[in-house]
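I opened this notebook to keep a record of what I looked up in one structure. The sequence and the coordinates are placed below for reference.

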Protein chains: 2
Amino acid sequence: MRVGTAETVDAAGMRAQNSSLLLNMIWRERQISRAEIARRTELSPSTVSAIVADLEHSGLVRNIGAGVSRGGRRPTLIGFCDDAYSIVGVELGATHVTAILTDLRGRVRVHRHAPQAVRDDPKSTLQKVKELVQECLEAERVPKRSVLGMGVAVPSPVHPSAPGKLSPLIVPAWRDYDVQEWLKSAFGMPVLVDNDANLGALSECYWGAGVGGEDLAYIKLATGIGCGFIIHGDVYRGSGGTAGEIGHIAVDSSGPQCVCGLRGCLVTLIGSVPLVERARELMGTKGRRAPTVRELVEGARAGEQAARQVIDSLGHYLGIAVAGLLNLLNPAIVVLGGEISSVGDLLLDPLRTSVRKRALSTSMAETRIVTSALGDKAIAVGAATLVLQAALRNRSLFPLQHVGRTA
Amino acid sequence: MRVGTAETVDAAGMRAQNSSLLLNMIWRERQISRAEIARRTELSPSTVSAIVADLEHSGLVRNIGAGVSRGGRRPTLIGFCDDAYSIVGVELGATHVTAILTDLRGRVRVHRHAPQAVRDDPKSTLQKVKELVQECLEAERVPKRSVLGMGVAVPSPVHPSAPGKLSPLIVPAWRDYDVQEWLKSAFGMPVLVDNDANLGALSECYWGAGVGGEDLAYIKLATGIGCGFIIHGDVYRGSGGTAGEIGHIAVDSSGPQCVCGLRGCLVTLIGSVPLVERARELMGTKGRRAPTVRELVEGARAGEQAARQVIDSLGHYLGIAVAGLLNLLNPAIVVLGGEISSVGDLLLDPLRTSVRKRALSTSMAETRIVTSALGDKAIAVGAATLVLQAALRNRSLFPLQHVGRTA
DNA sequence: ATACTTTCTTCATCACCCGAACGAAGCCAG
DNA sequence: CTGGCTTCGTTCGGGTGATGAAGAAAGTAT
């Protein structure tokens, strides 16, 4: 059992902790006065001033004018410098690579995308990542010392004790590669790696439907079905890093055989491939080619019967798994991501119906189920957010770029 | 999103934090020298000495002789005073009340038990609790100031924002009672309340199969089927306190109708009632009365076919739910509790087989599934452990009983 | 016996937070 | 627009607690 805090504190540690706390508060509030910080933190005004001055010298916060008076002298508002540093976010998908550059508020400043056979070709994948990231950095002329680090989303579970190694069961070709080490030595900056669904969840928690909350479940609907949890504000990985493997939950004992050995796994029923295949069948003679997911979405929106039917069954099957999830974990909110989720209510309605039939009313009552509104860069943004989260928690992760007071 | 630590630190806070850290280390290690503490915590030897002296004066630790030399002066070992304080643990079961008194190492010093209609009679239940606890305190002549507090296990989900109120859906008769407030004002000591399965999980994590780990799932097999999670060393309650409601997961769509509205819920198949009922049927004309759970366990051990068959089907159905749990949460260990779990391998074998057929090999590989060895007081001990955990994390929760240096 | 280690304490020092006092800046009468 | 009051932010001793060096205590190795 874990008991108590793991870290000791000395005078310097005290300052580090208070400093990080203030940095967080300023980041969260966007603008706040020293006096208000002192009231909320119960730190003395003098301490707050000292720390704020410190943060100001390192370029992380700045004066942004006066606020409204509360009956006396007007407060000077402090704001967070969203542009003080940049963060690199990388998504390794099944068939593509995305690289982005964000500021400290999750805004995407540059964006590069390339098709890539990720599963089978680690060598050229990593090379491609290097290219795209370099393009991003050069496009904005960002000096390396003002980059906080790089977050990487990978389509595989990530074991907590070896975050750079991908699962040999899911992507055997990557057996001899350590993503984290490779990119770290290629760029000379901190690299954090996590599973794509986990980072989608983090993205939603910071910038999407979960803002303000601390517990969230995210389901990524794509070729595979992934699931990520945020628990107490942190990505939850499980003891072996495979938490959230929702794709192989059996929801129909008479369903089709899955490669994993079971029958009626979620992926065999609502993965992108069986979904578009089913749509093709339902459309009958009309088309011999299966539609893309995008076409499916458009069809459903346009009211096409076949597309609607496919989405309905998606909602039905997914609901069985989501009900189990609600009963077990009781998250505050469940967010659906992936391209197909953009149909919105067309999916949510049958899903909610299916869930309501199966979940306890107590766990249902408090849980919101929504679709993501973050778009196709959500995962890459989540990867960058992983770095942001780490830095905001520990101010010392911000490299010192402003030595002295070169205002 | 939560970012960073929530608490500020001043000089006193620094001491409090370091003090708690040392207290934990001494508790965990049972015996350790000042020098060793300094090495592990990276605190200076002088600081360690000062804090240890402080802890010694308050009676929490003491000198327990010399250790073996490492080539120089022999270290003086510091040990934790397990008897410095007592903790009260209370279990409210479906049909009984248990009260215990433990030391700071989870050892049960006194134990009182009484049948009680808990569900329908809150008033006399609370009165009974008061009686039993008072008996415990008097039996050991424990003065109130040396009691850390009281932990209470209740057969209902507990909402994080109102820990004393039970769920009106599960136990409607308790609508107007606040367990926490009632007992707090009755005894004038801190009272912590949690769900029984959650506290079973905590118990296992501290004293049972999960010792040393931080992530664990516990399944309580009784009249109802409950489930508790320990995540990062803490009880996980979910956003509304209903995490772990595994009992109403549907595992057989053609199963019997449940009161919750679904078909084939876990409780309707493997709750104590359907279990013994099934055993009665299988035993045919032999007996008209259904056996008790205890008799079922004894029968299975003795090799009776009917009992074995019932246990087998229990393992089969439970395996379906456990497989889902492994895929979703990937705990390091799953512990089965409740009276029926005492059959051990007779249950574990069919359970593991059932799980293996359904869970991903990755999540299975690292997960141990075991039965509890803590006995029938596990839940009450877990309740006491909740108080112990809180106190070890925050030394200031230990009341000051030794004013001055009355050695 | 002597030299070397390790343990634990003592003491001067230093970093940091605090509280009080103060100047700055605004509100609100009269 | 002037004086009292409030709020904001800073300056400056003072106190608390961790530190590191030095030393005493108590071993081991030769």
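The entries that follow are grouped by topic.

**Conventions.** I worked from a predicted model, in which local features need pLDDT of at least 70 and side-chain atom pairs count only at pLDDT 80 or more, while totals for chains, interfaces and linings use all residues. Residues are numbered from 1 along each chain as its sequence is written, chains are lettered from A and ligands numbered from 1 in the order in which they are written, and side-chain values use heavy atoms, with hydrogens and water left out.

**Nonpolar core.** I looked up the largest nonpolar core, which has 98 residues. A nonpolar core is a set of buried Ala, Val, Leu, Ile, Met, Phe, Trp, Tyr and Cys residues joined through side-chain atoms within 4.5 Å. Buried means under 20% relative accessible area, exposed over 50%, and partly exposed in between, with a 1.4 Å probe and protein chains only. Which members touch the most other members? They are A:Ile219, A:Ile246, A:Ile270, B:Ile219, B:Ile246 and B:Ile270. In soluble globular proteins, nonpolar side chains tend to be buried together.

**Helix α13 of chain A.** Helices (H or I, at least four residues) and strands (E, at least two) are DSSP runs, numbered from the N terminus. The 16 residues should span 22 Å, and the end C-alpha atoms are 22 Å apart, which agrees. I also noted that α13(A) is mostly covered, with 14 of its 16 residues buried.

**Cavities.** On a 1 Å grid over the protein atoms alone, a cavity is a set of points where a 1.4 Å probe fits but cannot get out, and lining residues have an atom within 4 Å of a point. Grid points are joined across faces, edges and corners, and a volume is the space filled by probe spheres set on the points. How many cavities of 30 Å³ or more are there? The count comes to two.

The largest cavity holds about 40 Å³ of space. Its lining consists of A:Asp215, A:Leu216, A:Ala217, A:Phe229, A:Ile230, A:Ile231, A:Leu329, A:Pro331 and B:Tyr236. The elements that give two or more residues to this lining are β9 (216–221) and β10 (225–231) of chain A. The largest share, three residues, comes from β10(A). By class, the lining of the largest cavity has eight nonpolar residues, no polar ones and one charged. Here Ala, Val, Leu, Ile, Met, Phe, Trp, Tyr, Cys and Pro count as nonpolar, Asp, Glu, Lys and Arg as charged, and the others, Gly among them, as polar.

The second largest cavity has a volume of about 30 Å³. I found A:Tyr236 in its lining, together with residues of chain B including B:Asp215, B:Phe229 and B:Pro331. The largest share of this lining, three residues, comes from β10(B).

**B:Ile100.** This residue lies in strand β5 (residues 96–102) of chain B. Is B:Ile100 buried or exposed? B:Ile100 is buried, with a relative accessible area of 0%. Not counting residues up to four places away in sequence, B:Ile100 touches, among others, B:Ile87, B:Val110, B:Cys136 and B:Ala380. The C-alpha atoms of B:Ile100 and B:Leu132 are separated by 8.5 Å, although the two are 32 residues apart along the chain.

**Positive phi values.** Most residues other than glycine have a negative phi. A:Arg141 is not a glycine, yet has a positive phi of about 50°. A:Arg141 sits in the loop between α4 (122–139) and β7 (147–154) of chain A, and counts as exposed at 73% relative accessibility. B:His232 also has a positive phi, near 55°. I located B:His232 in the loop between β10 and β11 (234–236) of chain B, where it is partly exposed at 39%.

**A:Asp82.** I placed A:Asp82 in the loop between β3 (76–80) and β4 (86–92) of chain A. At 14% relative accessibility, A:Asp82 counts as buried.

Key:
The expected span of a helix is 1.5 Å times one less than its number of residues. On a 1 Å grid over the protein atoms alone, a cavity is a set of points where a 1.4 Å probe fits but cannot get out, and a pocket is an open set with protein on both sides within 12 Å along at least five of seven lines; lining residues have an atom within 4 Å of a point. Contact means heavy atoms within 4.5 Å.
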